[in-house]
Amino acid sequence: MKQKKVLAFDFGASSGRAMLGTYDGNTIEIEEIHRFSNDPVVVNGTMYWDVLRLFYEIKQGIIKAKHYGSFCSIGVDTWGVDFGIIDEYGNLIENPIHYRDSRTNGMLEKSLEKISKEEFYNITGNQFMEINTAFQLLSLVEKRPYILERADKILLMPDLFNYMLTGLKITEYSIASTTQLLDARKQTWSDRVIDALNIPKRLFTEIIPTGTSIGKVSDDICRELGIEKCDVVSVAGHDTQSALVSVPNKEKDFIFISCGTWSLFGTELERPLINDISSKYNITNEGGYGGKASFLKNIIGLWLIQESRRQWIKEGEEYGFGQLESMAALAKPFKCFIDPDAPEFVPAGNIPERIREYCKRTNQEVPETKAEIVRCIDESLALKYRYELEKIKECTNKTYENIYMVGGGTQSKLLCQMTSSSCNCKVTAGPIEATVFGNIALQLIALGLIKGLDEAKRIIEKSSDIKEYNPEDISLWNKAYKRFKEVIKC
């Protein structure tokens with residue numbers, strides 16, 4: 001077949017890329033044609049996403065892409081939970097506010113005054129996290145109701161960019177499932193939750209299936225950028241669900257880790273799993289392609305290393321991630337552990353110092369060097385994966401022979417090997433660019449160029465470098481795990 005090109009925009013918490021995918025009927029070749037930073041901006045104590053700058057970068061990516069020849073479609077994936085607010089005239093009221101902003105402090109507790117935790121979870125099946133859209137909107141209800149009075153619609157981040165490209169206001173299913181406002185079983189907005197939190201229903205648009213072609217790039221954008229009309233496909237807008245499309249599983253029951261700034265750890269089910277055990281463990285049900293449910297935990301991931309590196313750069317010492325991993329590989333093993341999800345590790349700032357304080361508080365050896373800090377983070381992540389794996393097994397009553405690890409974290413051979421050893425399970429690592437491959441594959445499915453998910457997975461596997469890791473030093477990791485569980489109880 002003649003080569004077909006599609007354009008994927010993949011936004012992470014610290015950077016974004018325009019990636020051109022070329023499909024020849026057998027494999028997908030991806031090429032990064034534009035990369036840009038994604039830097040939040042703090043103004044008067046509020047942390048915003050610089051969304052207009054980000055849309056400018058989308059336009060730059062489109063301009064660069066047209067020099068490679070015509071492309072058939074565009075797809076956008078981003079992080080979850082955050083949103084822009086549109087007024088009745090179609091204008092953005094203010095820049096979207098960052099999920100790490102402090103405006104949601106106390107909003108989770110406030111919500112439970114309005115609806116019981118049991119009912120809230122039973123409807124949405126979502127992990128309770130103060131960053132979730134429900135609590136961001138509740139903060140507006142409580143503190144800035146005048147904003148909502150002016151609002152006509154909210155658009156989650158990938159849907160906001162799709163609106164800027166097409167002028168169409170819709171909500172894609174996977175990104176809607178990150179809000180804690182979706183009825184997980186019915187796959188529709190929950191009137192009960194929205195009413196309980198006193199959020200205006202008019203704010204919410206129609207939810208469409210993942211992988212829907214929603215329309216064409218607007219005439220204005222085409223004229224401005226000098227491009228021909230092309231489709232905009234509402235891919236799995238939440239990057240985790242785009243990444244899950246790329247998991248090269250053959251078996252029905254498997255564990256996945258989408259490893260980046262966050263580690264999304266879980267399994268895929270035909271329908272949501274919502275019961276007393278999953279509620280106790282605060283496990284989320286997230287929607288994916290084909291209406292499937294990802295039964296998973298959100299774990300703070302490589303953010304800890306990324307933010308540590310930023311701190312060291314501020315102090316005048318700059319190391320690449322590869323250098324830090326090489327240093328960590330030589331550090332003393334099992335010196336100390338942290339709970340990656342401890343609240344002190346959520347805000348930006350001096351993570352290395354917070355790790356030292358955590359270790360002092362829990363009566364452990366204190367890591368002093370950069371190598372010891374990174375080793376502590378990697379080992380703690382691997383042990384946290386095992387901790388969550390045991391919960392997943394208890395909830396599903398299933399065993400799993402393989403962990404599929406995808407995303408940028410697979411570049412760390414150290415972390416991949418630690419994960420295999422900690423969980424006493426084979427780890428299949430790759431593709432590194434899982435989110436981009438998934439974004440591109442969903443565009444190709446929407447265009448009718450790939451028949452479905454199974455074919456997409458086979459094509460992505462052929463197009464990627466996949467590695468395997470097997471457990472080592474199991475007895476040492478078992479001892480470390482016992483210590484880790486005691487530490488995180490403190």
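**Annotated domain and salt bridges in the predicted model**

The UniProt record, an unreviewed entry, lists residues 257–446 as "domain: Carbohydrate kinase FGGY C-terminal"; UniProt positions are given in the numbering used here, feature names are shortened, and annotations may be inferred rather than shown by experiment. The structure is a predicted model, in which local features need pLDDT of at least 70 and side-chain atom pairs count only at pLDDT 80 or more, while totals for chains, interfaces and linings use all residues. Residues are numbered from 1 along each chain as its sequence is written, and side-chain values use heavy atoms, with hydrogens and water left out.

The span 257–446 is 46% helix and 17% strand, and its end C-alpha atoms are separated by 26 Å. Helices (H or I, at least four residues) and strands (E, at least two) are DSSP runs, numbered from the N terminus.

A salt bridge was assigned where a side-chain nitrogen of Lys or Arg lies within 4 Å of a carboxyl oxygen of Asp or Glu. This rule gives 35 salt bridges. One of them joins E57 to R53, with 3.3 Å between the closest N and O atoms. Both residues belong to helix α1 (residues 51–66) and are 4 residues apart, about one turn of the helix. Accessibility was classed as buried (under 20% relative accessible area), exposed (over 50%) or partly exposed (in between), with a 1.4 Å probe and protein chains only. E57 has 8% relative accessibility and therefore counts as buried, whereas R53, at 43%, counts as partly exposed.

A salt bridge is also formed by the side chains of R356 and E368, at 3.9 Å from N to O. This pair links distant parts of the chain: R356 is in helix α14 (residues 351–361), and E368, 12 residues apart from it, is in the loop between α14 and α15 (370–396). R356 counts as buried because its relative accessibility is 16%; E368, at 52%, counts as exposed.

The side chains of K467 and D465 form a further salt bridge, with an N to O distance of 2.7 Å. K467 is partly exposed, its relative accessible area being 33%, and D465 is exposed, with a value of 55%.

Helix α15 contains E388, which counts as buried at 2% relative accessibility. With neighbours within four places in sequence left aside, E388 is in contact with F265, K297 and I299, contact meaning heavy atoms within 4.5 Å.
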